[in-house]
Amino acid sequence: MSEAVFSKPRYLQARGDSARVELLPGEFDVWAQHAEDSDDFALETASAGKGGPFGAQLWLARTIEGKTEYKPVYGGEKDYNDSNAVVSKGQASAHAEAENLSVEKRQEVLDFLRENKGQGWEVVQVSSGESCPSCRSKQMLFAQELMNEGLIEAGQFHVVFKATYERTGLDANFNDEPYDTGLRALFNLKVLDDKNGLFIMNDVFDQSTVAQDLISKGKIVRTPVVYAKEDSLPQNVVDAIAEHTANGTPYAAVISPDGKVLSEAVDTRTSEAGATNDFEQTAIVQALHGAWKSQREELDIFEAWELKGARVVTNINDIGPLAYNEALWSSLHSLQVLGGNDEVDFNAREIPSLSNRDLFKMVALEYNVDESPLHVVHSVDPSVPNRAHAAWPGILKKLAEEQGIDAHYDGAQADHE
Ligand SMILES: [Zn+2]
């Protein structure tokens, strides 16, 4: 793949021949209609002040003798639709697809597929907008989990989306593309193939004229990954890292620019028999969520995820794609690594079957290449505006007047699907 592939829109590989729509279970038109319904749902929930104008649905489907069965996943909810909940939760990554891949819904899919193993069922996530890298990490993690149990095969986890990044930028002034372009650059410039991985990112980007050009135009967002200087850290964090490293436990802390520890977390996933892999219980993700929560609840900060130059310090050397992409919303100074060992990295695997590096590469892959377990389809002509997105500027103005929300909040930095 040429160096410049990441300067072209990603969605082109989710259209037409390259999307191989015949791989979807059932009719393309049915899925395109579900994407339209998701857009309508997003318009409703955004108007009600729940969050950004995005919706998602999770489906199980199979075709037998030319007849397709479509089964929506409820996960205990009354509705199979989910919306963006960034505003209501104060959580930058509470995008529609992420809400839609809740523990409850994933468990329902797992249980159903276990009971109906070998019966031809496939998984389809429908979204009103193109998934950001954080949501794609969650889709990939769940696809891997299902593949590991032999419940689906590669290519049987489908993602159907309506609005491209570009379209959403035009209509609603949200732009996820720079986050994703950074990821594609990491892959295409072979940062993820180097033994030092993310630690050489800045050097490699410096040497690429394409990357430099995109960075100068604000079209690549990334968080530097560096080794921490021990004397720059609070002593209790240094001590915690030594203790957890000795025990092989992944640990992370968020430290504000003035040296205050905003949150600390360890990986608390349990291996309860039959339970879905709870990737939100990993150390870096929990530390970030803890910092966002305390900013929302204790300081009443609306854009609680904005950590303005804070550092995440961790003993994980092999940082996974979910942790890295989740951290992108917080305008961090850097992700800093201290200590750690192979055991910590093993226990920090976001999906136990793969190293975080191998998983990272899969999340960064272009759509629909042979190596990717996900099958991604774009459902409409890119000139068609998304209804919820087109209404968003007006909704935002109204919410700002009614609730005193900062009218400058346009989500350009941190609110997504
Ligand atoms: Zn997302």
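**A buried serine and its surroundings**

Mentor: This is a predicted model. We may begin with Ser38, which touches Gly55, Ala56, Gln57, Asn81, Val126 and Ser128 once residues up to four places away in sequence are set aside.

Trainee: Where does Ser38 lie, and is it buried or exposed?

Mentor: Ser38 belongs to helix H2, which covers residues 28-47. Burial is read from relative accessibility, with under 20% as the cut-off for buried. Ser38 counts as buried because its relative accessibility is 0%.

Trainee: How many residues apart in sequence are Ser38 and Asn81, and what is their separation in space?

Mentor: The two are 43 residues apart in sequence, and their C-alpha atoms are 7.1 Å apart in space. Asn81 is also one of the residues that Ser38 touches.

Trainee: How should I read the domain organisation, and which domains are assigned here?

Mentor: The assignment for the protein chain gives domain 1, made of 8-175 + 368-403, and domain 2, made of 223-360. Their centres, taken over C-alpha atoms, are separated by 27 Å. To the contact between them, domain 1 contributes 25 residues and domain 2 contributes 23 residues.

Trainee: What is the general idea behind a nonpolar core, and how many residues has the largest one here?

Mentor: In soluble globular proteins, nonpolar side chains tend to be buried together. In this model the largest nonpolar core has 83 residues, and those with the most contacts inside it are Leu113, Leu146, Leu186, Ile319 and Tyr324. Helix H12, residues 283-297, gives the most to this core, namely 7 residues.

Trainee: Which residues is Tyr324 in contact with, leaving aside its neighbours within four places in sequence?

Mentor: Tyr324 is in contact with Leu186, Leu198, Met201, Arg222, Thr223, Val225, Ile319, Leu335 and Phe360. Among these, Leu186 and Ile319 are also listed with Tyr324 as residues with the most contacts inside the largest core.

Trainee: How is a helix pair described, and at what angle do H6 and H15 pack?

Mentor: Helix H6 (residues 133-148) packs against helix H15 (residues 356-364) at an angle of about 120°, and their axes are 9 Å apart. The crossing of H6 past H15 is right-handed. From H6, Pro133, Arg136, Ser137, Met140, Leu141 and Gln144 meet Leu359, Met362 and Val363 of H15. The residues of this contact comprise 6 nonpolar, 2 polar and 1 charged.

Trainee: What of the backbone: which value does phi take at Arg20 and at Asn173?

Mentor: Phi of Arg20 is near 40°, a positive value in a residue other than glycine. Arg20 sits in the loop between helix H1 (16-19) and H2, and it counts as partly exposed because its relative accessibility is 30%. Phi of Asn173 is near 65°, a positive value, again in a residue other than glycine. Asn173 is in the loop between helix H7 (165-172) and helix H8 (177-188), and at 42% relative accessibility Asn173 counts as partly exposed.

Note on methods. Residues are numbered from 1 along each chain as its sequence is written. This is a predicted model: local features need pLDDT of at least 70, side-chain atom pairs count only at pLDDT 80 or more; totals for chains, interfaces and linings use all residues. Side-chain values use heavy atoms; hydrogens and water are left out. A nonpolar core is a set of buried Ala, Val, Leu, Ile, Met, Phe, Trp, Tyr and Cys residues joined through side-chain atoms within 4.5 Å. Buried means under 20% relative accessible area, exposed over 50%, partly exposed in between (1.4 Å probe, protein chains only). Helices (H or I, at least four residues) and strands (E, at least two) are DSSP runs, numbered from the N terminus. Contact means heavy atoms within 4.5 Å. Axes are lines fitted to C-alpha atoms, for helices over the stretch in contact, and angles run from 0 to 180 degrees between N-to-C directions. A crossing is left-handed if the near helix is turned anticlockwise from the far one by less than a right angle, and right-handed if clockwise. Ala, Val, Leu, Ile, Met, Phe, Trp, Tyr, Cys and Pro count as nonpolar, Asp, Glu, Lys and Arg as charged, and the others, Gly among them, as polar. Domain bounds come from an automatic or database domain assignment.
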